[in-house]
Amino acid sequence: MSAYVIWIDSAEAKVFKLKAGAVETKHLHPHGHKHHIEPVGKKHTHHPEWESLFKDVETHIGDASEILILGPGEAKTAFKSHLEKHAHGLASKVVGLETTDHPTENQILAHARKFFKASDLFS
């Protein structure tokens, strides 16, 4: 079992598998991705093009013991909802859902170190 940090937006997901002393990173993108911008003030909660990305992330985190989801917009919340609907076991492993801008990989890992400071994942 491993802890995961997932940074996700509408264009990609960065998946960090955290094991004692090691980090594995995957970059995933939606199949047939089309980037679009919503008009100001309009909330659009379902983006069908995200489903391929969510399914890809889901397959990469199957051995999760804990999941921290980060991201700048609504994709992080939509991904958590996807897990609740399609992968109840993984949804129960989500320990955090936080808004972050577009950090570097080192900044994401620094955030994970603070979040998971009680564990020995980064020893």
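Mentor: Helix α2 has twelve residues, 75-86, which at 1.5 Å a residue should span 16 Å, and its end C-alpha atoms are 16 Å apart, so the two agree. The expected span is 1.5 Å times one less than the number of residues, and a helix is a DSSP run of H or I with at least four residues, numbered from the N terminus. This is a predicted model, where local features need pLDDT of at least 70, side-chain atom pairs count only at pLDDT 80 or more, and totals for chains, interfaces and linings use all residues. Residues are numbered from 1 along each chain as its sequence is written, and side-chain values use heavy atoms, leaving out hydrogens and water.

Trainee: Which residues of α2 are buried?

Mentor: Ala 75, Lys 76, Ala 78, Phe 79, His 82 and Leu 83. They cover an arc of only 160° around the axis, which puts them on the same side of α2; the arc is that of the directions from the helix axis to the C-beta atoms. Buried means under 20% relative accessible area, exposed over 50%, and partly exposed in between, with a 1.4 Å probe and protein chains only.

Trainee: New topic. How many aromatic pairs are there?

Mentor: A search of the whole structure finds three. The ring centres of Phe 115 and Phe 116 are 5.0 Å apart and the planes are at 80°, so this pair is edge-to-face. Rings of Phe, Tyr and Trp (its six-membered ring) pair if their centres lie within 6.5 Å; planes under 30 degrees apart are stacked, over 60 edge-to-face, and the rest tilted.

Trainee: Is Phe 116 buried or exposed?

Mentor: Phe 116 is buried, at 5% relative accessible area, whereas Phe 115 is partly exposed, at 30%.

Trainee: Which residues form a cluster through ring pairs?

Mentor: Trp 50, Phe 54 and Phe 79.

Conventions
Helix = DSSP H or I, 4+ residues; strand = E, 2+ residues; numbered from the N terminus.
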